[in-house]
Amino acid sequence: MAQDRLFFKSTGKLNARHVPAAGLVLQCLWASLLVLPRTRLRDASGAEHYGNLYSDLLDYVVFATLVFYVLTIIGIFVLRSRQPGAERPYRAFGYPVLPALYVAGAGVILLVLLLYKTQTTWPGLLIVLAGVPVYFVWRPKREGLTVKG
């Protein structure tokens, strides 16, 4: 992302061992900030227990990742309808039935996660949505860019 000018330039620079050290340090700090807080839960009797933060983080990631998987599969349908004659260097096994079943099944899982794990799925979705304005602010200005189609 740094090499595409979508993130801090310094995070993409490789050190003498060909490792993006600054990027790794930044990632370490972010991961540390995510796992430092403790979650507190109250059961039906009102007793307080410390929750499993790893499980919460996993819920954030699973929901957000599943959203992107669904969007990727939907992208196959969009590209094939917009560019029916384009070269296809890959095959979508079972197209269109299996990809459509995947989108439907994953959609049900997303809905179930939203309904039953609301406390941990909404933050994951909000983190992803927060990236949209950041992308538009940070993306490089491309004057006169045209998309071939």
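**Entry 1, the largest pocket.** I began with the lining of the largest pocket in this predicted model, and by class I found nine nonpolar residues, one polar residue and no charged ones (nonpolar means Ala, Val, Leu, Ile, Met, Phe, Trp, Tyr, Cys and Pro, charged means Asp, Glu, Lys and Arg, and the others, Gly among them, are polar). I then noted the lining residues by name, which are Met 1, Leu 6, Phe 7, Trp 30, Ile 127, Ala 130, Gly 131, Val 134, Tyr 135 and Trp 138. A pocket here is an open set of points on a 1 Å grid over the protein atoms alone, where a 1.4 Å probe fits, with protein on both sides within 12 Å along at least five of seven lines, and lining residues have an atom within 4 Å of a point. I put down about 390 Å³ as the space in this pocket, a volume being what probe spheres set on the points fill, with points joined across faces, edges and corners. Helix 4, residues 118–138, gives the most to the lining, with six residues (helices are DSSP runs of H or I, at least four residues, numbered from the N terminus).

Because the model is predicted, local features need pLDDT of at least 70 and side-chain atom pairs count only at pLDDT 80 or more, while totals for chains, interfaces and linings use all residues.

I looked up Gly 131 in helix 4, and I recorded it as partly exposed, because its relative accessible area is 33% (buried is under 20%, exposed over 50%, partly exposed in between, with a 1.4 Å probe and protein chains only).

I found Ala 22 in helix 1, residues 21–35, where it counts as partly exposed because its relative accessibility is 37%. Leaving out residues up to four places away in sequence, I saw that Ala 22 touches Ser 10 and Thr 11, contact meaning heavy atoms within 4.5 Å.

I checked His 18, which sits in the segment before helix 1, and noted a positive phi of about 65° although it is not a glycine. His 18 counts as exposed, because its relative accessibility is 64%. I also noted that the peptide bond from Tyr 95 to Pro 96 is cis, with omega near 5°. Pro 96 belongs to the loop between helix 2 and helix 3.

Terms used: Residues numbered from 1 in each chain as written. Heavy atoms only, no water. Helix = DSSP H or I, 4+ residues; strand = E, 2+ residues; numbered from the N terminus.
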